[in-house]
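This briefing is meant for a reader who is meeting the structure for the first time. Please keep the sequence and the 3D view at hand while reading the points that follow.

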Amino acid sequence: MTIFSKIIAGEIPSYKCAEDDKFYAFLDINPLAQGHTLVVPKHEVDYIFDLDDAELAAMTVFAKRVAKAIKQAFPCRKVGMAVLGLEVNHAHIHLIPLQSEGDMDFRKDKLKLPADVMADTAARILEAFEKDAL
Ligand code: 5GP
């Protein structure tokens, strides 16, 4: 079981940003910018391009909805999307609010946001996501 499957199952806590029956979104614990969110399929697959076409398409559409919620909660120029997967072997899309190109530099020092800020960040994204779903 991957660490992200444990998060989805609620065995490890996370700051939830969005969820549906197939996908789960939560804050990256070491964010590049406030609002940095990970989108994962509940179905455990290591490499994103091993997902079948329908699931990859659905994951991208789900990520689009999460990106819209991030942008509403944290106004930014655009929300960037990246896939690395070198650390955690459970397919995930990074969504990062961008003000400049450097916000997406994975080599820079990560932010350490206090728990109350993380909780508030996730709550704002979740609220925007759920409002949009109505
Ligand atoms: P990647 O696999 O895309 O190279 O990096 C994995 C990402 O997952 C990193 O940005 C890292 O901060 C994040 N991450 C790793 N473990 C956890 C965790 O237990 N909880 C959360 N919320 N994020 C994690």
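His43 has its place in the loop between strand E3 (37–41) and H2, in a model that is predicted. With a relative accessibility of 45%, His43 counts as partly exposed, because that class covers values between 20% and 50%. The points below start with this residue and other loop positions, and then turn to the nonpolar cores and to a pair of helices.

**His43 and its surroundings**
- When neighbours within four places in sequence are left aside, His43 is in contact with Leu51, Glu55 and His90.
- His43 and Ala119 are 76 residues apart in sequence, and their C-alpha atoms are 25 Å apart in space.

**Other loop positions**
- Asp28 is found in the loop between E2 and E3, and with a relative accessible area of 12% this residue is buried, since buried means under 20%.
- Not counting residues up to four places away in sequence, Asp28 touches His36, Thr37, Leu38, His94 and Met118.
- The C-alpha atoms of Asp28 and Ala18 are separated by 13 Å, while the two residues are 10 residues apart along the chain.
- Pro13 lies in the loop between helix H1 (3–8) and E1, and its relative accessible area of 75% makes Pro13 exposed, because exposed means over 50%.
- Pro13 and Phe26, which are 13 residues apart in sequence, are 9.9 Å apart in space when taken from C-alpha to C-alpha.
- Arg107 belongs to the loop between E5 and H3, and at 78% relative accessibility Arg107 also counts as exposed.

**The nonpolar cores**
- The largest nonpolar core has 26 residues, and those with the most contacts inside it are Val39, Phe62, Val66, Leu95 and Ile125.
- At least two residues of this core come from each of strand E1 (16–19), strand E2 (23–27), helix H2 (53–73), strand E5 (93–98) and helix H3 (115–133), and H2 gives the most, with 8 residues.
- Leaving aside neighbours within four places in sequence, Val39 is in contact with Tyr24, Ala25, Met59, Phe62, Ala63, Val66, Ala91, His92, Ile93 and Leu95.
- Another core, of 7 residues, lies apart from the largest one, and its members include Phe4, Ile7, Tyr24 and Leu38.

**How H2 and H3 meet**
- Two packed helices are described by the angle between their axes and by the distance between those axes.
- The axes of H2 and H3 come within 8 Å and cross at roughly 120 degrees, which means that H2 is oblique to H3.
- The crossing in which H2 passes H3 is right-handed.
- On the H2 side, Phe62, Arg65, Val66, Lys68, Ala69, Ile70, Gln72 and Ala73 take part, and they meet Arg124, Ile125, Ala128, Phe129, Asp132 and Ala133 in H3.
- The residues of this contact of H2 with H3 divide into 9 nonpolar, 1 polar and 4 charged.
- Phe62, Val66 and Ile125, which take part in this contact between the helices, are also among the residues with the most contacts inside the largest nonpolar core.

Note on methods. Residues are numbered from 1 along each chain as its sequence is written. This is a predicted model: local features need pLDDT of at least 70, side-chain atom pairs count only at pLDDT 80 or more; totals for chains, interfaces and linings use all residues. Side-chain values use heavy atoms; hydrogens and water are left out. A nonpolar core is a set of buried Ala, Val, Leu, Ile, Met, Phe, Trp, Tyr and Cys residues joined through side-chain atoms within 4.5 Å. Buried means under 20% relative accessible area, exposed over 50%, partly exposed in between (1.4 Å probe, protein chains only). Helices (H or I, at least four residues) and strands (E, at least two) are DSSP runs, numbered from the N terminus. Contact means heavy atoms within 4.5 Å. Axes are lines fitted to C-alpha atoms, for helices over the stretch in contact, and angles run from 0 to 180 degrees between N-to-C directions. Angles under 35 degrees count as roughly parallel, over 145 as roughly antiparallel, 65 to 115 as roughly perpendicular and the rest as oblique. A crossing is left-handed if the near helix is turned anticlockwise from the far one by less than a right angle, and right-handed if clockwise. Ala, Val, Leu, Ile, Met, Phe, Trp, Tyr, Cys and Pro count as nonpolar, Asp, Glu, Lys and Arg as charged, and the others, Gly among them, as polar.
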